[in-house]
Amino acid sequence: MKLFKLSVLSVLSVVTSLLLSSSVVQAQEKEDGIDVSGTVRVNYAYKDYSESSKDKGGDFAFDMAAIKFNGKLGEWGLASEYRFFDGWQALRYGYGFYELNPSWQLQFGVNQVPFGNPGFISNSFWFGVPYYLGFEDDYDLGVKGVYSNGAWGTEMAFYKNAEYGASRSDRYSTDLYTGVVNGTEYNNEETNQLNLRQTYEMSYEGGKTLFGGSIEYGQIYNSKTGNNGDRYAVAVHMDSSYKGWNLQLQAMQYEYDAADAVDSNKIAVAAYNWQYEIAAKAQAYSINIAKNIATDWGSLKVYNDFGMVTPDVADDSYDTSYQNVTGCAISAGPTYTMIDFIVGKNMYASTRDNGHVGLPEVGDSWDKRVNINFGYYF
């Protein structure tokens, strides 16, 4: 009888072990693996400062399609996004990562530069003013360490260079540009860049606040003379939420001190298949407020993003650039739509004279445009 009981217990033990092993394997299979997803977006734009836009009632066109890879196999992982635009294409990011332990992750490849408010310092499709200066959602080629322990977060990175060569303007991130822009020849390349971002999160009933500071330092290589200049940027930032409300604040200063510069007051950058000039030294300020509203079918986010760039160069004819975006983001199922009303003054991409940020102003008007971006995510 005892033998029978022991046999039954042994069988039950084996079955239980097999079931547990099966569950662990299934859980591991669910956790491990590379997910493939994508996006397709179209865009409507109306510019009050463009006669052709007003005559046609705006322009409706294909924006972009993207394919993404994301996942893990044990401690190793992969994250990548490649975008196809109208007439050009570019890598947004692509890197491998390794989980050293629950607190540390190492990233190798084209990853997001840890500077400014983590993620974005904007709510709209239009980005905030730091993006147009090279300091929001920027991606470069290098190695980054990400540390998280309780309320503290630290990111340290070294980037050898930008994700593409400096003569290429068909890129997602804003980087230094080599070429002729508005009659001035530039020969500048980003190299040997160090970044440090430190954050602290304070949680409370109904929300949380993330405080942070960022530092960036790197060299500027002149491909014509072979000499190196340098560049730096510093920022303090805050991202606070409370019962559906969100407030983002950021103040930053940057300086591009290029070697053998033709004009030390300005420098050329490129992004989104275009190139333009920015003040070589300036301060930039961002104030964004948003409200998230849950619905039966999805969610709404209404927001207002304000930014300004104050040039700090020797030429006192350089003028401040402004951008304000009032909008609404609508999330419903696999779709995400952003409706933005953009008002700009002396600002690249949002005004009639859109070839620069922080340079001498041409005219003295606030220009307006409407942008509606519809995306399907799968």
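Reader: How much space lies in the second largest pocket?

Author: About 340 Å³ in this predicted model. Its lining counts 19 residues, and the closest to its centre are Arg 41, Phe 120, Ser 124, Phe 127 and Met 338.

Reader: Which elements supply at least two residues of that lining?

Author: Strands β1, β2, β3 and β19 (335–345) each do. Sorted by class, the lining of the second largest pocket holds nine nonpolar, four polar and six charged residues.

Reader: And what volume does the largest pocket have?

Author: About 940 Å³. The largest pocket has 28 lining residues, with Asn 43, Asp 63, Trp 126, Tyr 272 and Arg 369 nearest its centre. Two or more lining residues come from each of β1 (33–47), β2, α3 (129–133) and β21 (367–377). With five residues, β2 gives the most to this lining.

Reader: How do the residues lining the largest pocket divide into nonpolar, polar and charged?

Author: There are 17 nonpolar, five polar and six charged residues in the lining of the largest pocket.

Reader: Let's turn to charge pairs. Why is the contact of Lys 68 with Glu 81 called a salt bridge?

Author: The closest N and O atoms of Lys 68 and Glu 81 are 3.9 Å apart, and the cut-off is within 4 Å, so the pair counts.

Reader: Which residues are linked with Lys 68 and Glu 81 in a network of salt bridges?

Author: Arg 83, Arg 92 and Asp 137 belong to that network too.

Reader: What makes Arg 168 and Asp 170 a salt bridge?

Author: Their closest N and O atoms are 2.9 Å apart, and a salt bridge needs within 4 Å, so this pair qualifies. Arg 168 has 24% relative accessibility and Asp 170 has 22%, so each counts as partly exposed.

Reader: How far apart are the closest N and O atoms of Arg 171 and Glu 163?

Author: They are 3.9 Å apart, and the two residues form a salt bridge. Both Arg 171 and Glu 163 are buried.

Reader: How many salt bridges does the count come to?

Author: By this rule, 20 salt bridges.

Terms used
Residues numbered from 1 in each chain as written. Predicted model: local features only at pLDDT ≥ 70, side-chain atom pairs only at ≥ 80, totals over all residues. Heavy atoms only, no water. Salt bridge = Lys/Arg side-chain N within 4 Å of Asp/Glu carboxyl O. Buried < 20%, exposed > 50% of the residue type's maximum accessible area, 1.4 Å probe, protein only. 1 Å grid on protein atoms, 1.4 Å probe; cavity = no way out; pocket = protein on both sides within 12 Å on 5 of 7 lines; lining within 4 Å. Points joined across faces, edges and corners; volume = space filled by probe spheres on them. Helix = DSSP H or I, 4+ residues; strand = E, 2+ residues; numbered from the N terminus. Nonpolar A, V, L, I, M, F, W, Y, C, P; charged D, E, K, R; others polar.
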